Each structure stands twice: as structure tokens, then as C-alpha cells.
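Subject: Structure handover

Hello,

Here is the structure I promised to pass on. Please open it alongside this note.

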Amino acid sequence: MAKRNFFVRFFSAVWTGADTLRKILHLIVLLFMFSIVVGALSKSTPNLPDNAALLIRPSGVLVEQLEGNPFDRAFAEFLDEAPQQTLVKDIVDGLEFARDDDRIEAVVLDLRGMTGGGLSKLQRIGEAIEQFQQSGKKVIAHASFYDQSTYYLASYADEIYMHPEGMLLVQGYGVYRTYFQEAIEKLRIDWNVFRAGTHKTAAESYTRNDMSDEDRQAIGNVLGALWSTYQEDVAAARSLDDTSVGEFADNFLEYARREDATIAEIAVELGYIDELLTNEQVNDRVADLAGEDDEGVLGYQAAGLKEYLAQKHLLRDPSSGDNNIAVIVAVGEILDGTQPPGTIGGDSTANLLAQARHDESVKAVVLRVDSPGGSAFASEVIRNEVQALQDAGKPVVASMSSVAASGGYWISMAADRILASETTITGSIGVIGMFPTFQRSLAALGVHTDGLGTTHLAGALRPDREMSDEVRQIVQALIEDSYHDFITRVARHRKMDVAAVDRIAQGQIWTGAAAVENGLVDQLGNLDAAIEVAADLAGLEVDDYGLIYYEEDLSPFETLVLQFMGGARSLGLDIGPRPSSVDRLVAFTERALTSVLRFNDPRGIYAHCFCVFDGS
């Protein structure tokens, strides 16, 4: 047989290859669509038992807002690498729904995975537990080990169980910082610090080797107030003496040395724990209330919080159409520009406020703040937008969570009304600036800088040159000017005398209760109270308005990608690399350095309070 012409064979091969590629692409498209369908079906709301216990399993730290870009966070969750965080709102909503849900017989607080939460957040959940208990249904708490945060929540339960080999450890509140002055000097770094406010101690970690007397006094007052509130709340919930918890912590060594009983048994003896039970025994106890489930791992009929909320949210539209209150959550350090959730971007947060301003259905705004501050410029950008809302006839209520200090107070002060929790940390009205230079460090390595400029300011802010006295005076003048602007604005918004504001400013920190007394806060109250105040200011009747949470959402394409990934996983495919141990170490180091490295105020001026307390 004669061979076919070369060109015939060539084009035949090309056609065959193109047809094969078409079939492969067709198969990929079919798999893609099938994965989306499977992913969508796997995300559908599951059927819940007719009678069940609502199982609440807080994971990691209690927060007001989940950290990170929504897509990045969803992708990290898909890879089981997302930060362990639990929204306070989810727990509160779950308890609220379950209170009037005839299917829910009890609530189980499994606290084994929870690692912490600010006292004001714990109090808000505690209040929600008390409201749930008004329905006559029981709350059962259990854990293998109770620390200060987990035991606070457990104390509100009707029954508290702990593993026989477990332990209760309540340590009180403390602040311990790392100081670098000696190390900075050994490295020959000139850490130039500028501040306005006698108690503005945020930069002391770089200028001292120990805590200043001013810082010790201010923090001591706050710690004492937090510890007193903690003891009183737990004592009231467990019907104990007000000082009982403190005595347990103070006498812990004595209890640990007892030979006739373990710490767990002593906790039962003193009334902190009701009974020591294994996990299986706790499950049997819950089964008595919610019914047995022979096929389930737990052994009782359970409705997980995530699935339960998914079903309830499908059945309830939070908005009312024409009359809504917008809730905008501002959590984390305040930075310039656009930032992901978990930090507060001056532009991104202002944009959310602007969206609420342009939404005709929004009649009032609640700004939920949980922030120690940051960039003074970004804080001012947000305050400007709060005022723009007010100019548009929409009242703004600031609702302070665990911390709303320094820049966190800056973005709150213009609100028509400010509410805080009794244990909110606020105030810290002061300004700092930091500019390290490394000319001595470089000189030790044999590196030197020299040159000339047309003015005294040319090259004055190079990190490889010593800061001149003239530039120091300029920066200090700018810092003092910013401080004066800060207290002047506080005085105007709070209708106070500037001198009076200056006396309670100076970088001093206050609890929410003290801030009400000195005029920085209008009244005590949680987020629910703030929403009620906003409705009242907007002239809205009870039950005549809805809530809209303004936050960054997934785009349609991102949703499609995640559905595809979920479908692929449902088909048994493993998508995405798993981070190595080195990747995790790099991520940990990056988080440790982020608080300093990401400061990006264009003027280098910050309203920041380093007020994170151990035990909170």
C-alpha cells in the first residue's frame, strides 16, 4: 500500500490531537460542573433531629470578626489551616434561636477546644446563656481542663462536669511585656521615640528594661477591676463567696500538696465543679435530656452549632426591607489603606460606612469596635466618614467590645452615643512616634553614609543617618500637635472642656465603668443594647427594623471556585498543598513581628495602646 502524502498525514495528526484535546477539555468541564453540583449539594442544610441538644464547641479564641480575606480564610479552612477562632455572634445567635426552638431540649458547651476570649466577650455569651435558661432548658458544660476563660463560661451552666484526670486552673489577670532597651543598645540602634501624654507608655518596650511607675499604676488599676468583676460574676453564677475564686488561686500550692485529694476532686469539694465524669459519661447524661442516638458518635441526638445556624438563617431574613440598622465591625489594629478583616483599614472601613450612608434602607449605624488603635491618619479617615453619616441624618452608635483604646477611641468619639462593657479597656488618649536609625550598627560593620542636600531636611529621615536635634524637635512638635487635635476633638464630641479631657487623657487607660464616670463613654451596654439605642435615635419602633451586617463577601467567582474544591474533596480528590513545618514556623514568626512591621501611617504617628492582658 502506498504511503499517504506527508501533508495529509500531518494534518490528520493535528486533527486527531485537536480532537483528543477537545475530549479532554470536555471531560474537565464535565468534572468541573459535576464537582460544583456535588459541592453545592454537600453544602446544603442538613436535616436536624426533631429533638436534640444544641452542641456548641468553641474553637480557639472568641472574636468579634474572623481574621483574613474571606476567600483566603475559606481556602485555609478547606486545607484545615485557618486560625482557630469562633465568632461571639454565632454562639449568641445559636442560644437565641434555641431558646424558642421546641426541637432543642438542652445546650451542651463542649469547651475542650476553646483557648481564650476577652472578659467582655465572655460576659456577652454569659448573658445569652442566662436568657436561654429562662426557657427552662438546661445548659451542660464539660471539659477535660478548665482555664480562666473556659471556666467563666462554664460557671453559667446548670451542670459543670470535668474529666476525673482534669484540672481547674484560674490564674487571675496579668500584663508582662518584653523590653528591648538593652538589646537595642547592644545592637547600636538609636530608637527615637516621641510621645504626648504622661501615661502613653506604648513605646516603653523599646526605651526601657522594665515597667515604668506610671504604666504599673495605670495597668494595676485596670487589672484589679477586671479581676474583681471576674470573681463577682463567677461567684454569682455558682452561688459562691465573692472572694472564693481568688482564694482558690492564692492557695493553689496548698491544694496541690494535699495527698488525700487531687485538684479535680478539690474543685468538686469547693463547689466549682458538679461532678467528675468521663466524656462517655457526659454523653450519657445528655442523652437522658435529648434522647439517645445509637448510630451517632456522641450517643445522643445532637445539632451542631454551624449546621443549626445555617438552617435558621435560611429561614430568617435579618433585614426588614425599608428600615434597617447597619452593624459594621471594626476589629484589630488600625492601618492605612485597604485591609482584610481582622485589621481595620482606614479606607476599607470608611468604604463600609459609606455603603451604609448610601443605602436608603439604613436608618442608623452601629460601629462595633474591638481595637487597641494604630495609625492616627487612618483613624481620622474613619472618623470623617462617621461624621458624614451624621451629616446624612443617620445616627451612629459606637459599641465597644473588649478593647477600644487610643485609635480605637478615636474612631468611636464622634458617635452620637458610645456604649461600652463594664470591662472594656478604653481611653489611652495619647500619641506616639517611633523612628529607629541604624547608623551606629552599620558603622560597626564598616558601612558609612555621607553626602549633601539642598536643605537641612534633605535626607534627614534616612534610617542610616543619625536624627538631628532639629528634626527631633520637628517630630515632637508634630506629635504634640496631633495630641492637641485628639483631645480637642474629644472635647468637642463629648461636650467637655479641653482641660478636663487632658486630665483624663495623657495616655491613661480606663475600664468601661470608669469611662462612664469620667465622661468618655455614655452608658454601659453590650451590642444588643447599642442596637436598641441606635433604633431609638433613628425613631424606629421595636420589631420594626432589621439588621444588616456590612462586611466583605466572596465574589461569585470565588464562590464557584470553593464549590468546585468542595465537590472535588467530596469525590475523594486532594486539592492544595499542605504547609510544611518550615511554612508553619515562617507563619508564626511573621505573626510575631507583624504588630511592628505592618505599621504604615504615612506620617509615622500612632494612637496605639499595647493593652492585651494575660488571662483575658
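Predicted model: local features only at pLDDT ≥ 70, side-chain atom pairs only at ≥ 80, totals over all residues.

**Cavities**

The whole structure was searched, and two cavities of 30 Å³ or more came up.

The largest cavity has a volume of about 120 Å³. Its lining is made up of 17 residues. If you want to find the spot, go to H199, T201, D215, I509 and C609, which lie nearest the centre of the largest cavity. Helix α8, residues 213-238, gives the most to this lining, with three residues. By class, the lining of the largest cavity holds eight nonpolar, six polar and three charged residues.

The second largest cavity has a volume of about 30 Å³. L48, P49, A52, D101, R103, I104, A303 and Y308 line it. Six residues of that lining are nonpolar and two are charged, with no polar ones.

**Helices α3 and α13**

Helix α3 covers residues 88-99, and helix α13 covers residues 305-315. They pack at an angle of about 65 degrees, and their axes are 10 Å apart. Angles of 65 to 115 degrees count as roughly perpendicular, so α3 and α13 are roughly perpendicular to each other. The crossing of α3 past α13 is left-handed.

Which residues of α3 and α13 make the contact? From α3 come D90, I91, D93, G94, F97 and A98. From α13 come L305, Y308, L309, K312 and H313. This contact of α3 with α13 divides into six nonpolar, two polar and three charged residues.

**Helices α15 and α18**

Helix α15 spans residues 376-391, and helix α18 spans residues 469-494. Their axes come within 14 Å and cross at roughly 20 degrees. Angles under 35 degrees count as roughly parallel, so α15 and α18 are roughly parallel to each other. Here too the crossing is left-handed, with α15 passing α18.

On the α15 side, the contact residues are E380, R383 and Q387. They meet R489, R492 and H493 in α18. What classes of residue make up this contact of α15 with α18? Four are charged and two are polar, with no nonpolar residue.

Over to you.

Best wishes

Terms used
Residues numbered from 1 in each chain as written. Heavy atoms only, no water. Axes fitted to C-alpha atoms, helices over the stretch in contact; angles between N-to-C directions. Helix = DSSP H or I, 4+ residues; strand = E, 2+ residues; numbered from the N terminus. Parallel < 35°, antiparallel > 145°, perpendicular 65-115°, else oblique. Left-handed = near helix turned anticlockwise from the far one by under 90°. Contact = heavy atoms within 4.5 Å. Nonpolar A, V, L, I, M, F, W, Y, C, P; charged D, E, K, R; others polar. 1 Å grid on protein atoms, 1.4 Å probe; cavity = no way out; pocket = protein on both sides within 12 Å on 5 of 7 lines; lining within 4 Å. Points joined across faces, edges and corners; volume = space filled by probe spheres on them.
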